[in-house]
Amino acid sequence: MATITETLPAVAHEPAAVSEKSVDEKGSSSDEKRSLKDLEDKVDFTDVRHLNENVLAVDMHIGDVFEDKRAIDLGADGKERPITTSEDYALRLLSIEDDVTLPVFTFRFLFLGLALSCFGAVLSQLFYFRPQTIYVSQLQTVSALKTSDNAFWRFFNPGTFNIKEHVGILIMSATASDVTLGISIFATQDLYYNQKPNIGTGIFTLISSQLIGYAGAGLCRAFLVWPTYAVYPHIVPQVQLFDMLHRGKGVVLQKKRWKRVFIIFVSSGSLLPLFSCGSGFLSEYLPFIYCSYTNALTRYIAPTLTGVSIFCLANQDSPWFTRVFGGSNGNEGLGMFSLCFDWAYVGSGGGAIGSLFTPLSTQLSLYAGCAVCIIAFCACYAQNTWNAQNFPFLSQLLFYENGTEYDQLRILDDQYQLDYDKLAVEGLPWYAASQLLYRLSRTMYIGAAITHFALWHAKDVWGLIRNGKDKIDDVHYTLMKKYPEVPWYWYAGLGGATFAMAMACIYTAKSGVPWYGLIVALIFAGFFMPIIGTLYCTVGYCSFHRVLDPNAWWCCYSRKACRQHVFHLVLATSPSSKALICSVTSKWASTPKLPPRITFFCQCVGSIVGAILSLVIMKVVMSNPVTHEILRDVQGTNVWSGQQIQSYNSDAVAWGALGKPLYAQGTQYAFVPYMLFAGLGFPIPFYLLHKKWPSFGWNNVFTPILVAELGYLSVGINSSVFTSFLLAVFSQYYLRKYHSRWFRKYNFLLSAALDGGTMVMIFICAVIRLLEVPSGKTTPFPSWALNPAKGNLDYCKRLTD
């Protein structure tokens, strides 16, 4: 189950012959075991197997991950070979060093962990109201100041600030910043139903929906955390950054690097022209500072840099130019050939997909879906399919057939249940064609993901479950055996307590979900965990959003709009997504060898802190009448947007109150549920083609990703897509293949530096905006060429005025 590509080289202390055996990107775990055995034949791992021996002896064989030349990195020709397999990730990019004497549970660990958890939760919730979905990069925690080695700090903490404390802080803040999925329920109730959530009920709902997922994650460690194939490509930048900060001081020269960061921060204006020179030094330092300033530039001073379109500048009066080439504003257009200079959009945005670290085959599958998406959106609108021209080109709202916004309150009674008499008067709502295509693609994704798992992963996962953890021979997992594992009954106890809490919440919140609804939801969540999780951990792709739409059919008979909302988001999707977050953070913890029980503590504390602060920030933002109206607007502004709330509300009405009449036989959307079956069959031809021609590369076509992204451009700021694609090809193809050493040493650090600098400046800008919320007043930057007073930022014709 190697994650990235073509050939599996044999590794030795000296250059060895390269095996021509093709490695299937979705291949079996047995292939990995054979490759690891080949590696062990050449490199002495006796010290890894016998944990009481000196573990550092292993590192002497392999060398530090930042060394310029190592035998493990060389191919048969004596040159650096590309990073291609999961073993390459485990041994060539991640350090196997460990020091069991490092203290973890210190005062600074708790203080900085709680402080940065608050920071992450606040920032994440502010991002929820952005026109483009951005996730909090966990690299924010690198800004945690290292405590000085003086008498005061030594009184509270033994030793210097170490990597295990730092990663523990990272995990705590990561879990705290990942709460926004459940917040959608309460934001929708406030925005569309005038229902103010009870603080206590809201907090306990969020906590239970997260921790019940963590309990489930404990049952999936054998196939989502411990094996070598569980790479999680998006954690490599963080891991390498922490290695740079704490390990190999003789190579990295940590103090000098921080001193240089300060010098560049002061003089970055004069050094910006040097950014393109590509030296290792600039790759490690300058991007962090560069991104801090460019984010302030693109968000406040020159927001036009969010999307520069030559086509829009050439023709500012064409609606079709706006639809195809526009993309600097939310729900503006498809952003073809636009250039974006905002790293928050071009890079990973804190998510799992990033141009510099996501495997090329994953990204090509995604962008292939985008290409089909552009064609489909334009064709449907041009042909007026599903009355597309009556509605905005991109929108998440529901509409009357004449194009005005659908008022769902006019079809509901006082209990927010569907009133069929009122529905007969109002008529069924309509989707914008782009939004309908998005829903079709996500319905197909469910089916494709199931078949993909059955064809490529089911056998391996079942083998790991059947054989137990003793059969897992991953080096990092073996090194972790010296620490006490979290016992199964901890997870069982957590699951039982949070199940009871969730059961209480569905009644106190008056959601209308019966007791057995929670059980059914959790069964669905557990069923999809290995299906979604294996795709996530191997190739770095996961889509939680509406992944469990078929569950909505179970509760459609209820006719209650908010009922499906609670069921779908909190009881089904949220636990499964949090379980995968728990798996990711557990994998993070295994790289610096953070004890599992400390990891468990960090995950639970971070979740509780995040739940409390996320709800508070949501109430602050939505308490402002001006912001409240902006969140209901189709396009919003460059700062505030309710696109996620609008989308979730459409789900609540369409799948909840209108589940039966909207998708009944004879209606305009009757075919939507049947796309699940189309998705089930989509991976089969590619699988058969791979079996017929195994060397052609059909195994690198990830069909769940391809079909899921057929609606990728249906929402948000799309000007970054083309730029991200160019960066992906440059990094994951050109640099990986032709500059393998530079790629290994600096590519992931470059991504880490860019993400870290971006998050720092975004947080500053977000806090400034948040301080303006209570007064309802904003202080705009004066208008000039790169900050137009009216219209779209890229000068395309605005279509929603």
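These are my notebook entries on what I looked up in this structure.

**Entry 1: overall picture**

I noted at the start that this is a predicted model. I then looked up the secondary structure and found 35 helices and two strands. Burial came next. Of the 801 residues in the protein, 62% are buried. I read the accessible surface as about 29,600 Å². Carbon and sulfur atoms own 65% of that surface. I also checked how far contacts reach along the chain. Taking contacts between residues at least 6 apart in sequence, 80% join residues at least 24 apart.

**Entry 2: salt bridges**

I asked how many salt bridges the structure holds. The count is 14. I looked up three of them one by one.

I began with Asp 73 and Arg 92. Their closest N and O atoms are 2.7 Å apart. Asp 73 sits in the loop between helix H3 (56-62) and helix H4 (86-93), while Arg 92 belongs to helix H4, so this pair ties together parts 19 residues apart in sequence. Buried or exposed, I wondered, are Asp 73 and Arg 92? Both are buried.

Next I took Lys 164 and Asp 98. They form a salt bridge with the closest N and O atoms 3.0 Å apart. Here the pair links distant parts of the chain, 66 residues apart. Lys 164 is in helix H7 (residues 163-176), and Asp 98 is in the loop between H4 and helix H5 (107-128). I checked burial for each partner. Lys 164 has 2% relative accessibility, so Lys 164 counts as buried. Asp 98 has 10%, so Asp 98 counts as buried too.

Then I turned to Glu 426 and Arg 410. The closest N and O atoms of this salt bridge are 3.3 Å apart. Glu 426 lies in helix H19 (residues 420-426), and Arg 410 lies in the loop between strand S1 (398-399) and H19, so the pair ties together parts 16 residues apart in sequence. Glu 426 is buried because its relative accessible area is 16%. Arg 410 has 47% relative accessibility and therefore counts as partly exposed.

**Entry 3: helix H9 against helix H23**

I looked up how helix H9 (residues 199-217) meets H23. Their axes come within 8 Å and cross at roughly 145°. H9 passes H23 in a left-handed crossing. I listed the contact residues. On the H9 side they include Phe 204, Ile 207, Leu 211, Ile 212 and Tyr 214. On the H23 side they include Tyr 491, Leu 494, Gly 495, Phe 499, Met 501 and Cys 505.

**Entry 4: a nonpolar surface patch**

Which residues make the nonpolar surface patch of about 530 Å²? I found Tyr 507, Trp 515, Tyr 516, Ile 519 and Ile 523. Helix H24 (residues 515-539) gives the most to the patch, with four residues. Tyr 507 has its place in helix H23 (residues 488-508).

**Entry 5: loop residues and far-apart partners**

I looked up Leu 94 in the loop between H4 and H5. Leu 94 counts as buried because its relative accessibility is 9%. Its C-alpha atom is separated from that of Pro 592 by 9.1 Å. Leu 94 and Pro 592 are 498 residues apart along the chain.

Lys 482 was my next stop. Lys 482 lies in the loop between helix H22 (475-480) and H23. Its relative accessible area is 27%, so Lys 482 is partly exposed. The C-alpha atoms of Lys 482 and Val 100 are separated by 8.8 Å. Along the chain, Lys 482 and Val 100 are 382 residues apart.

**Entry 6: positive phi**

Trp 386 has a phi near 55°, a positive value in a residue other than glycine. Trp 386 lies in the loop between helix H18 (360-382) and S1. Asn 387 has a positive phi of about 55°, although Asn 387 is not a glycine. I placed Asn 387 in the loop between H18 and S1.

Conventions:
Residues numbered from 1 in each chain as written. Predicted model: local features only at pLDDT ≥ 70, side-chain atom pairs only at ≥ 80, totals over all residues. Heavy atoms only, no water. Patch = residues over 30% accessible without salt bridge, like charges linked within 9 Å, V, L, I, M, F, W, Y side chains within 5 Å. Areas by Shrake-Rupley, 256 points an atom, 1.4 Å probe, with all protein chains shown as cover. Salt bridge = Lys/Arg side-chain N within 4 Å of Asp/Glu carboxyl O. Buried < 20%, exposed > 50% of the residue type's maximum accessible area, 1.4 Å probe, protein only. Axes fitted to C-alpha atoms, helices over the stretch in contact; angles between N-to-C directions. Left-handed = near helix turned anticlockwise from the far one by under 90°. Contact = heavy atoms within 4.5 Å.
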